[in-house]
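This briefing concerns a structure shown below with its sequence.

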There are 2 protein chains.
Amino acid sequence: MQPSPPSAGVTLHDIAEEVGVHPSTVSRALDPSKAHRVREATRDQIQAVAARLGYRPHLVARGLQTGRTATIAFIAADLGNTFVTPIIHGLAGAIRNAAMLPIIAETEDDHDTFAAILDHMLSRRVDGMVVAAARTGDRVILESAARIVPIVLAGRPLEDSLLPHVVHDDRQGGEMVAEHFHRLGHRTVTQLRGPTDVANFPRRAAGFSDYCRRAGMDEILAAGWASHPIASEGERLMLEVLEGADELPSAIFAHNDLMALGARSALQDRGLRIPDDVSLVGYNDLPMVGRLTPPLTTIRYPSLEVGRAAGELIIELLGGAESTSHNLSPQLVERASTRELVTAPHDA
Amino acid sequence: MQPSPPSAGVTLHDIAEEVGVHPSTVSRALDPSKAHRVREATRDQIQAVAARLGYRPHLVARGLQTGRTATIAFIAADLGNTFVTPIIHGLAGAIRNAAMLPIIAETEDDHDTFAAILDHMLSRRVDGMVVAAARTGDRVILESAARIVPIVLAGRPLEDSLLPHVVHDDRQGGEMVAEHFHRLGHRTVTQLRGPTDVANFPRRAAGFSDYCRRAGMDEILAAGWASHPIASEGERLMLEVLEGADELPSAIFAHNDLMALGARSALQDRGLRIPDDVSLVGYNDLPMVGRLTPPLTTIRYPSLEVGRAAGELIIELLGGAESTSHNLSPQLVERASTRELVTAPHDA
DNA sequence: CAGGCGACGGCAAACGTTTGGCAACTCCTG
DNA sequence: CAGGAGTTGCCAAACGTTTGCCGTCGCCTG
């Protein structure tokens, strides 16, 4: 028995008419949580007719009536970044059970675009937002939007913000890298820092520097911060270090894997070998960095878990729960791009 | 001048009341295409009040009235696959101008899930769908849905389907690999085939086999097809070939990069070097495969362009255009995992 | 048999827009 | 000043639901 015609616009009214009851009765009969208000015989009949006619609830109309759209906005800076995808993946999985779907937009790390998107999402009456694109200057509009709809920060923290967030501990990550270097005997180190207005990077920087200071290591300060966390910027910063310092670091911390890749190119061009001449660490553990030669030591960024936790959190918030932020622990993935410092017998 | 309170529910009525006109007048004054129907003085006043009150159109209500939601569904098999992300990226960019946003769901390559999602998207009254998850068995429900709303197939073609699509020419891609092998002097070759119910793979297989036959090459047929296009399946198939054949192929075509990675592991375990002992080609040109050692020769799959073209196509369709499918050309990216066959002087 | 209660289902309002039709008003022309 | 055209804005219906309230009916209890 085919669900009859392609069922363009079968409404509650159509079913009601066919069965001979009022539309509201049909509405109740089809809603599991209200079905008990309808006699079983009537209910069965309604459900049968609904199935035969191929009834499909009009979620837009329902949304207008109930004020809920079963939609969560996901706002990313750049979908091209292979590290946001897993967040979407995790988010989608987490909210699926609640019959919610993510609706996606991209800010391109531009403040005005971000503001426009935020506004647009509010217009769409999304039930909540997961934001992975917040930059320092976005705090005010973000918090103002958060008074209207629950917002969770994911992946990218935001300094001085009270918004609930799901991030991992970038400061600790930076410390772990420094500690790793220290343990391997490196004493002269440096870091290639990501953009300063994306809160992850200052935190990584602070964790790294603090540990170095405490451990009495010698941190060569690179000139500035990258404008974007991409390979070419990693290469640029690496070159600056190679040209600027009178003493070369024996270990380098790039603030993410992409920048590490750029640094790698710069080092190779100079004939410096990894890890023989210099150790290199990235951040994020992108899909394939473990298959490079040498496999890249890095800090695993649990994007998938971040996305999932953000999804779960936003659903809790919608259920009226208190906001509880999550701080996931970083994890060092030790591979072959770092190794113990062997002091050259240059004083032979 | 702050947009006053957080502007929870400012409606057209509120503005109308404040200005002293009818809501319909406000509606027109705020709609650029209808603004000429209201006197300039009134219009200015309305717009001023709207701005002051922080009015935000209720897109759900509008959607109910107009029947359009400014939403395009994107249905993927697996968001974890790093090759669908660029499609989303391109799609989002292409429909942004039309003030449309993608709403996303995942089928996990399961037929029932796929059917449920399709239905759900229809319930949400999306304006169109871009489907990158179609498998052979999904044709009927897909075409039935396509009678209700425009649907474009992206990335994954569907055999015997008349639906408009944006794909690239997998058959030609397969041919190009075979031709590449032939040009390098390889005469005994094999392919590690992806799942048979995802139309890309049979096409790649056919293109490859046909060329081999025409060119008089010797194709060693591997036992079966992968159940999923992933690394472990590539490894499994590779092992089968290594164990099964009495003659080893000198060049191997893995149906995608992930499977190539698996094959690579299997070869390395056997002590076979790439490309010295055997040449290897993948498919897709995933972000980092060019940085592996050796860099992987592969066919570039233009995901971004596919996404963009799909977005543009669906917008044209919404504008009432005829459906015109796109067939993008594959491109061989020649790297160091393949090389000219040097006949060993084993008859010394 | 009165009174009460639970089960069932109808009614109508409401959610915030858009839009076709129409009325009123302004202004111009003859 | 009559008539007509054009401009401006009101009215009301419609989109498809959900839901609080109320009426009716049947049954049970005392």
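**Surfaces near DNA, chain contact and strand pairing**

By class, the surface near DNA strand D comprises 8 nonpolar, 12 polar and 5 charged residues. Here Ala, Val, Leu, Ile, Met, Phe, Trp, Tyr, Cys and Pro count as nonpolar, Asp, Glu, Lys and Arg as charged, and the others, Gly among them, as polar. This is a predicted model, in which local features need pLDDT of at least 70 and side-chain atom pairs count only at pLDDT 80 or more, while totals for chains, interfaces and linings use all residues. Residues are numbered from 1 along each chain as its sequence is written, and chains are lettered from A and ligands numbered from 1 in the order in which they are written.

**DNA strand D**
- DNA strand D is surrounded by 25 residues, the closest being Ser24(A), His58(A), Ala61(A), His22(B) and Ser24(B); a residue is near a strand if its C-beta atom, placed from the backbone, lies within 6 Å of it.
- At least two residues of this surface come from each of H2 and H4 of chain A and H2 and H4 of chain B; helices (H or I, at least four residues) and strands (E, at least two) are DSSP runs, numbered from the N terminus.
- H4(A) provides the largest share of the surface near DNA strand D, with 5 residues.

**DNA strand C**
- Among the 25 residues around DNA strand C, those that come nearest are His22(A), Ser24(A), Ser24(B), Ser27(B) and His58(B).
- The largest share of the surface near DNA strand C, 5 residues, is that of H4(B).
- The surface near DNA strand C consists of 8 nonpolar, 12 polar and 5 charged residues.

**Contact between chains A and B**
- In chain B, 39 residues are in contact with 39 residues of chain A, contact being defined by C-beta atoms, placed from the backbone, that lie within 7 Å.
- Two or more residues on the side of chain B that touches chain A come from H4, helix H5 (85–96), strand S2 (101–106) and helix H6 (111–123) of chain B.
- S2(B) gives the largest share of that side, 6 residues.
- That side of chain B divides into 22 nonpolar, 10 polar and 7 charged residues.

**Strand pairing in chain A**
- An open sheet of 4 strands has the order S7-S6-S8-S9 (chain A), with parallel pairing; two strands pair if DSSP finds at least two bridges between them.
- Strand S7 (218–220) and strand S9 (279–281) of chain A are the edge strands, each pairing on one side only.
- Strand S6 (residues 188–192) of chain A pairs with S7(A) in the parallel sense over 3 bridges, and Thr190(A) stands opposite Ile220(A) in S7(A).
- S5(A) and strand S11 (residues 326–328) of chain A run parallel and are joined by 3 bridges, with His168(A) opposite Leu328(A) in S11(A).

Definitions and conventions
Two residues are in contact if their C-beta atoms, placed from the backbone, lie within 7 Å.
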